[in-house]
Amino acid sequence: MADSFMGKAATMEIPINSNGETLAEDDSLEQAAKIQWTLDEKDLQQVMVSGPNLNETSIVSGGYGGPAGGIIPTSSIKGSGMHHSNSNQNMSVEEANRGVAVEKLDSVKKWGINTYKCTKQMFSERFGRGSRTVDLELEAQIDVLRDTKRKYESVLRLTSALTSHFYNMVQTQQALGDTFADLSQKSPELRDEFGYNAETQKLLCRNGEVLLGAINFFVSSINTLVNKTMEDTLMTIKLYEAARLEFDAYRADLEELSLGPRDAATMVRIEVSQQQYQVQRDKYERLRSDVTIKLKFLEENKVKVMHKQLLLFHNAISAYFAGNQQQLEQTLRQFNVKLKPPGSDKPSWLEES
């Protein structure tokens with residue numbers, strides 16, 4: 001812009017008089033200044049409209065007109081920032097992994113200490129050197145449940161065997177009835193006798209299928225009661241017994257620390273042990289309450305289920321061996337027992353192969 005100004009000034013006509021003095025010098029200088037201001041304003045607008053791309057600019061290190069070696073491209077600054085960002089991300093990942101490892105190590109350490117305390121308490125109880133917390137009423141209820149479960153498992157095993165044997169008998173009666181019917185067609189002299197026996201065996205087979213439906217319903221209900229309802233309560237009892245062992249282990253540890261010296265380090269250990277003892281006590285109390293509630297509901301459910309199933313079993317067996325087909329079918333309708341369609345118990349061709 002300075003060169004442009006100098007070029008414009010060189011081509012300007014400055015009037016002079018006969019003595020060589022300039023005429024209206026102030027006016028000429030003022031006009032030149034206005035021309036330069038107009039040119040500067042146009043150049044500034046052009047820079048604002050079509051300025052250089054910031055991504056392609058350079059930062060000069062040093063003063064104005066410094067050497068080209070001091071120019072630092074802005075692209076290198078951006079790349080350096082990305083490198084620092086990646087480094088920070090890598091450091092964050094490493095810190096997160098380190099934190100996870102520390103948490104796992106602490107978890108393993110706590111598990112080891114807890115296992116040691118419980119094992120020590122268990123051996124102390126077995127050899128009669130340690131004391132254990134006992135709820136006499138609850139322990140008696142648990143023993144009754146375990147004995148009841150063993151007896152119900154025996155009932156389940158025997159009725160399952162009865163079902164299998166009776167099923168084979170029904171299949172034999174069906175085959176025998178088919179054989180009698182075939183012989184009645186091929187033996188004219190004994191047609192009536194074979195026919196009577198064929199009808200009798202077929203009737204017994206139909207009644208046997210109805211009785212099988214009742215026995216299968218009885219077995220299914222007993223199986224649900226024993227292997228689901230009772231087993232769920234026993235799982236809660238196992239958790240309760242484990243919590244009782246942990247509670248006694250931390251109680252014994254607290255008592256042992258309380259009997260020792262009362263220096264600063266021991267007092268800190270006693271305080272920590274007191275907190276752990278309280279946590280285990282709350283867990284033990286909560287599980288004991290859960291076991292008490294489940295035992296109560298289990299007893300109510302057992303009485304309700306067995307009252308219905310024993311009545312069904314008695315009525316169905318009595319009606320079958322009395323030959324009362326109508327009473328047998330009425331018993332199944334009374335207890336909403338649905339019979340399976342014929343052939344549904346047969347294995348598929350994949351199982352046969």
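User: To start with the overall fold, what share of the contacts between residues at least 6 apart in sequence join residues at least 24 apart?

Analyst: Among contacts in the protein between residues at least 6 apart in sequence, 73% join residues at least 24 apart. Please keep in mind that this is a predicted model.

User: OK, and what does the secondary structure come to?

Analyst: The protein has eight helices and two strands, and read along the sequence these follow the pattern α-α-β-β-α-α-α-α-α-α.

User: How many residues are there in the protein, and what percentage of them count as buried?

Analyst: The protein has 353 residues, of which 25% count as buried.

User: Let's go to helix 7. At what angle does helix 5 cross it?

Analyst: The axes of helix 5, which spans residues 191–258, and helix 7, which spans residues 325–334, cross at roughly 25 degrees and come within 10 Å of each other. Angles under 35 degrees count as roughly parallel, so helix 5 is roughly parallel to helix 7. The crossing itself is left-handed.

User: Which residues make that contact?

Analyst: On the helix 5 side the contact is made by Leu 203, Asn 207, Val 210, Leu 211 and Ala 214, and on the helix 7 side by Gln 325, Leu 328 and Leu 332. By class, this contact of helix 5 with helix 7 has six nonpolar residues, two polar ones and no charged ones.

User: And helix 6 with helix 7, parallel or antiparallel?

Analyst: Helix 6, residues 264–321, packs with helix 7 at an angle of about 160 degrees, and their axes are 8 Å apart. Because angles over 145 degrees count as roughly antiparallel, helix 6 is roughly antiparallel to helix 7. This crossing, too, is left-handed.

User: Which residues meet there?

Analyst: Leu 312, Asn 315, Ala 316, Ala 319 and Tyr 320 in helix 6 meet Gln 327, Leu 328 and Thr 331 in helix 7. The residues of this contact divide into five nonpolar, three polar and no charged.

User: Switching topic: where does Glu 246 lie, and is it buried or exposed?

Analyst: Glu 246 lies in helix 5, and with a relative accessible area of 14% it is buried, because buried means under 20% relative accessible area.

User: What does the Glu 246 side chain pair with?

Analyst: A polar contact of 3.4 Å joins the side chains of Glu 246 and Lys 283. Not counting residues up to four places away in sequence, Glu 246 touches Asn 114, Cys 118 and Gln 280 as well as Lys 283.

User: Now Phe 180. Which helix is it in, and which residues does it touch?

Analyst: Phe 180 is in helix 4, which covers residues 136–186, and it is buried, with a relative accessible area of 17%. Setting aside residues up to four places away in sequence, Phe 180 touches Phe 194, Asn 197, Ala 198 and Gln 201.

User: How far is Phe 180 from Gln 201 between C-alpha atoms?

Analyst: Their C-alpha atoms are separated by 8.8 Å, while the two residues are 21 residues apart along the chain.

User: And what surrounds Gln 201 itself?

Analyst: Gln 201 is in helix 5 and counts as buried at 14% relative accessibility. Leaving aside neighbours within four places in sequence, Gln 201 is in contact with Gln 173, Leu 176, Gly 177 and Phe 180.

How values were computed: Residues are numbered from 1 along each chain as its sequence is written. This is a predicted model: local features need pLDDT of at least 70, side-chain atom pairs count only at pLDDT 80 or more; totals for chains, interfaces and linings use all residues. Side-chain values use heavy atoms; hydrogens and water are left out. Axes are lines fitted to C-alpha atoms, for helices over the stretch in contact, and angles run from 0 to 180 degrees between N-to-C directions. Helices (H or I, at least four residues) and strands (E, at least two) are DSSP runs, numbered from the N terminus. Angles under 35 degrees count as roughly parallel, over 145 as roughly antiparallel, 65 to 115 as roughly perpendicular and the rest as oblique. A crossing is left-handed if the near helix is turned anticlockwise from the far one by less than a right angle, and right-handed if clockwise. Contact means heavy atoms within 4.5 Å. Ala, Val, Leu, Ile, Met, Phe, Trp, Tyr, Cys and Pro count as nonpolar, Asp, Glu, Lys and Arg as charged, and the others, Gly among them, as polar. Buried means under 20% relative accessible area, exposed over 50%, partly exposed in between (1.4 Å probe, protein chains only). A polar contact is a pair of N or O atoms within 3.5 Å; within protein, one must be able to donate a hydrogen and the other to accept it, and residues adjacent in sequence count only if both atoms are side-chain atoms.
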